[in-house]
Amino acid sequence: MAPAAQGLKGLVWQKLKSLVFDDCRKEEEWKIILLDDYTTKLLSMCCRMTDLLAEGITVVENVYKTREPVPHMKAIYFITPTKKNLFLFLVCPDNLFNKIKSSCAKSIRRCKEINISFFPYESQVFTLNVPDAFYRCYSPTQEKSKDKDAVMQVMAEQIVTLCATLDENPGVRYKSGPSDRASKLAQLVEKHLENYYKTDERSQIKAKTHSQLIIIDRGFDPVSTVLHELTFQAMAYDLLPIENDTYKQGGKNKPQTKQLSEFSLGRYKSEGPAGKEREAILEEDEELWAKIRHKHIADVIEEIPKLLKEVASKKKATEGKLSISALSQLMKKMPHYRKEINRQVVYLNLAEDCMSKFKSNIERLCKTEQDLALGTDAEGQKVKDSMRVLLPVLLNKSHESYDKIRAILLYIFSTNGTTQENLDKLIQNVQIESDSDMIRNWKYLDVPVISSFAVQQNKHPRRDRSSEETFQLSRWTPVIKDVMEDAIENKLDSKDWPYSSQCPPTWNGSGAVSARQKPRASYKEARKSSARLIIFVIGGITYSEMRSAYQVSEAYKSCEVVIGSTHILTPKRLLDEIKSLSKPKDLVCIKDE
């Protein structure tokens, strides 16, 4: 249930309960809530319909749809502040607020601003739901337009609402680089933090808390965005056609319209016996999904059948008792057993679908990708000729063009750019002329593509992970994981990672001791006195980077890592967005999350 959820989802739900539902609750009084698309999605991420019923909400309606009047019931309008809306929540501009006062004040009992302008995607992951920010921040057509400055302002305001929800006033720092995007956003965030905490609900200036907010540009780690990942969640969203968070096994994936009452995300559907459709919710409220989503696919394939056997053995043990009371208990537990087994079977089907894709083509790609990304093979020997490693992938006719483009990009990243002649030959020989901008346009992210014009990247020094156990086809570690660990241990160079604000008090490595050195406490105990590290990436984050936040939080006892971005990326989606950067704005189709 949402109220018991930990992390961002639980914090957002508790804030909404406190500011919206508790404030207008009366016993035995049922109410209607009216939502727009944004607030529907926000509520769906942090609560279910049963939670709303517990708060006295009996009907959920779309504010823009024609509906029958219900004069005997009171209504809560929970909507975003736009010129289209008169009743609004979230942050409301003064001109719109004055319009409410002058036009319909008599019909409103209470009006509140709720400072939540972000989506709690997972317990430690947030998005700003501004996928067009990628185009507006990186397209050369937007370089001198007001759009770029406007989206920076919006992002800064949204990030501040995240900090306010976490009750943090963090020290803000950024990764310096050839572009000023990260530094500009960091300065805007710091300015908005100062303004917010001067005018917060308590009218008190809040001192800097024991937390850091680090802002990074997407070009900081291009490798992690195109590499094939073999952990369950990242692999599923990369290889399988999960559209609108729904995947149907063995059938065409048709986009489905979500109803307002459908408070769940991340669905996977598969055909069961006699064509019956099975469905699993790919969100962390599902205990099994939360347990296996970050595991390697090999471990998942091995673990799920064991869980199925455990459930079957429990059922058999219960059936062995033939007393009337035992039979009665068995009948009560049957729906639970059936639901548990169905859920596990669906996850097993999902894993098998991933493995089917892996065995057909991806397995051969992965070795090449890992060797190019790391510059060494599985035995630790240095790759002497990257082109020789790349060629078998390009000559293989069974590989899709997207996979070949990803391999070419890894080759270019590994050599810090290539020559114009070599790039033209690669594009021509692989016959990807129509998609060549998926490669060329990386220059707009300050990633070297042509070596003769390349700006040498100031790459983050990698941590030695040679002693860590890993699968041969999963040797690469996202750079952002190194950054998280270095930040917690106070090892980030202040020249490369300058502050745009004062350093938070007593932020140092001694306050964040690795779990390898101290016994683990419970989640609640560990978080009571913990510092927070908030990472924000301009232009999208990958599922592997999301996983890193959980892994680092698990390893370091006294620091919780929260990661977020404008939107969530898959490799295909990113390549499509990269391709669009050189197009005029009116020809670009921005895909919502």
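# Briefing: helix packing, salt bridges and burial

Lys 291 is partly exposed, its relative accessible area being 45% (buried means under 20% relative accessible area, exposed over 50%, and partly exposed in between, with a 1.4 Å probe and protein chains only). This is a predicted model, in which local features need pLDDT of at least 70 and side-chain atom pairs count only at pLDDT 80 or more, while totals for chains, interfaces and linings use all residues. Residues are numbered from 1 along each chain as its sequence is written, and side-chain values use heavy atoms, with hydrogens and water left out. The protein chain has 593 residues, of which 55% count as buried.

**Overall organisation**

- The secondary structure of the protein chain comprises 20 helices and 12 strands; these are DSSP runs numbered from the N terminus, with helices (H or I) of at least four residues and strands (E) of at least two.

**Surroundings of Lys 291**

- Lys 291 belongs to helix H10, which spans residues 287–292.
- When residues up to four places away in sequence are not counted, Lys 291 touches Glu 303 and Leu 307.
- Glu 303 is in turn the partner of Lys 295 in a salt bridge, with the closest N and O atoms 2.6 Å apart; the term denotes a side-chain nitrogen of Lys or Arg within 4 Å of a carboxyl oxygen of Asp or Glu.
- The two partners fall into separate accessibility classes: Glu 303 counts as buried because its relative accessibility is 13%, whereas Lys 295 counts as partly exposed at 28%.

**Further salt bridges**

- The structure holds 34 salt bridges.
- One of them pairs Asp 238 with Arg 406, whose closest N and O atoms are 3.0 Å apart.
- That pair links distant parts of the chain, since Asp 238 sits in helix H9 (residues 232–239) and Arg 406 in helix H14 (residues 401–414), 168 residues apart.
- Asp 238 and Arg 406 are both buried.
- Arg 465 and Glu 485 also meet through their side chains in a salt bridge, at 2.9 Å from N to O.
- Arg 465 is in the loop between helix H16 (437–440) and helix H17 (479–488), and Glu 485 is in helix H17, so this pair ties together parts that are 20 residues apart in sequence.
- Arg 465 counts as buried at 15% relative accessibility, and Glu 485 likewise counts as buried at 6%.
- Arg 465 and Glu 485 belong to one network, joined by salt bridges that share partners, together with Arg 462, Arg 463, Glu 468, Asp 482, Asp 486, Glu 489 and Lys 491.

**Packing of H13 on H15**

- Helix H13 (residues 386–395) packs with helix H15 (residues 420–430) at an angle of about 20 degrees, and their axes are 11 Å apart; axes are lines fitted to C-alpha atoms, for helices over the stretch in contact, and angles run from 0 to 180 degrees between N-to-C directions.
- This angle makes H13 roughly parallel to H15 (under 35 degrees is roughly parallel, over 145 roughly antiparallel, 65 to 115 roughly perpendicular, and the rest oblique).
- On the H13 side, Met 387, Leu 390 and Leu 394 meet Asn 422, Leu 426 and Val 430 of H15.
- The residues of this contact divide into five nonpolar, one polar and no charged; Ala, Val, Leu, Ile, Met, Phe, Trp, Tyr, Cys and Pro count as nonpolar, Asp, Glu, Lys and Arg as charged, and the others, Gly among them, as polar.

**Burial of H20**

- Helix H20 (residues 571–580) is mostly covered, with seven of its 10 residues buried.
- The buried residues of H20 are Pro 571, Arg 573, Leu 574, Leu 575, Glu 577, Ile 578 and Ser 580.
- Their cover includes helix H5 (133–138), helix H8 (223–226), H9, H14 and H16.

**Positive phi values**

- Most residues other than glycine have a negative phi.
- Asp 446, which is not glycine, has a positive phi near 65 degrees; this residue is found in the loop between H16 and H17 and counts as partly exposed at 26% relative accessibility.
- Asn 490, also not a glycine, has a positive phi of about 60 degrees.
- The position of Asn 490 is in the loop between H17 and helix H18 (523–528), and Asn 490 is partly exposed with a relative accessible area of 42%.

Technical notes
Contact = heavy atoms within 4.5 Å.
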